[in-house]
Amino acid sequence: MRVLLAQQVACEKSDRQLFSNINIELHSSQLLYVTGENGAGKTSLLRILVGLSAPSAGVVEVNGHDIHKNVHDASEHLLYFGHKQGISQLLTPVENLKFWCQQHGVDKNNDAIEDILAELGLTGLEDIAVKNLSAGQQRRVALAKLWLKTAATLWVLDEPFTALDVQLIAELEAKMTSFLNTGGAIIITSHQKLSIDYPLSKLHLDYSW
Ligand SMILES: Nc1ncnc2c1ncn2[C@@H]1O[C@H](COP(=O)(O)OP(=O)(O)OP(=O)(O)O)[C@@H](O)[C@H]1O
């Protein structure tokens, strides 16, 4: 099944062309690794693919819907994990994830959320404001979304390994492999070499400024 189609996508920032003619066709169980040096446009591309930014040219379809015209339907089975963690510093991990589930139509109760937090090594920290957690622990809270949105067909992950310790990197890689093996598709950027044992295709963005 085709999960994402990007055709002739281009991006301009400050009147300069960052990239153009990007074409991507991604199907179930496929992994796309977007590479490029700092400033090459990886985050800009991913934000366009998930509908957070408009391209200067081109079209993006996710699960058969134009993401820039029908973001609701297109993003129903999409999970984007960006640089900004999307969690409130003032809320606890459980409150944060409960709120996120409500906003994203994910039906999970507090027990299920606590089970996932435990799986991510956050037992005992469920009811502490996120601002009091370490950087890596905060990242774990944000990553719990991957465990929660079980109906997702596409993960778009921007530098997901940042601030994670070795053990969680391994757990996330295992989670990615399992997602791919069960029909999920992933687009990922990472400055860290991917050590996931799964066939991947690469899209390299040249730094052209
Ligand atoms: N809103 C903006 N206005 C102007 N320029 C921008 C804007 N957002 C990004 N840029 C520029 O676009 C270029 C690409 O940025 P982007 O964040 O997409 O790069 P990246 O490949 O993800 O980099 P990194 O590896 O450092 O995360 C950079 O030179 C950046 O300064």
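L154, in a predicted model, stands opposite A185 of strand β8, and this pair belongs to the region where β7 (154-158) and β8 (residues 185-189) run parallel, joined by five bridges. Strands here are DSSP runs of E of at least two residues, and helices are runs of H or I of at least four, both numbered from the N terminus; two strands are said to pair if DSSP finds at least two bridges between them. Residues are numbered from 1 along each chain as its sequence is written. Because the model is predicted, local features need pLDDT of at least 70 and side-chain atom pairs count only at pLDDT 80 or more, while totals for chains, interfaces and linings use all residues.

The strands β7 and β8 are part of an open sheet of five strands in the order β6-β7-β8-β3-β9, with parallel pairing. Its edge strands, each of which pairs on one side only, are β6 (78-81) and β9 (201-204). On average, neighbouring strands of this sheet are turned by 15° against each other, direction ignored, where axes are lines fitted to C-alpha atoms, for helices over the stretch in contact, and angles run from 0 to 180 degrees between N-to-C directions. Helix α5 (residues 135-148) packs on this sheet and touches β6 and β7, its direction making about 165° with that of β6; two residues count as in contact if their C-beta atoms, placed from the backbone, lie within 7 Å.

Helix α5 also packs against helix α4 (residues 110-119), at an angle of about 115° and with the axes 10 Å apart. The crossing of these two helices is right-handed, a term used if the near helix is turned clockwise from the far one by less than a right angle, with left-handed used if the turn is anticlockwise. I116, L117 and E119 of α4 meet A144, W147 and L148 of α5 in this contact, which by class has five nonpolar, no polar and one charged residues. In this classification Ala, Val, Leu, Ile, Met, Phe, Trp, Tyr, Cys and Pro count as nonpolar, Asp, Glu, Lys and Arg as charged, and the others, Gly among them, as polar.

A further open sheet has four strands in the order β2-β1-β4-β5, with antiparallel pairing, and its edge strands are β2 (16-27) and β5 (65-66), each pairing on one side only. Strand β4 (residues 57-62) pairs with β5 over two bridges, and V62 stands opposite H65 of β5. Helix α1 packs on this sheet, touching β1, β2 and β4, and its direction makes about 130° with that of β1.

Helix α1 (residues 42-49) also supplies three residues to the shell around the ligand, the largest share. That shell holds 12 residues, the closest being K13, N38, K42, T43 and S44, where a residue is near a molecule if its C-beta atom, placed from the backbone, lies within 6 Å of it. The shell divides into three nonpolar, seven polar and two charged residues.

Q8 lies in strand β1 (residues 2-13) and is exposed, because 12 other C-beta atoms lie within 10 Å. A163, in the loop between β7 and α6 (166-181), is partly exposed, with 15 other C-beta atoms within 10 Å. The terms follow from counting other C-beta atoms, placed from the backbone, within 10 Å of a residue's own: 20 or more make it buried, 12 or fewer exposed, and counts in between partly exposed.
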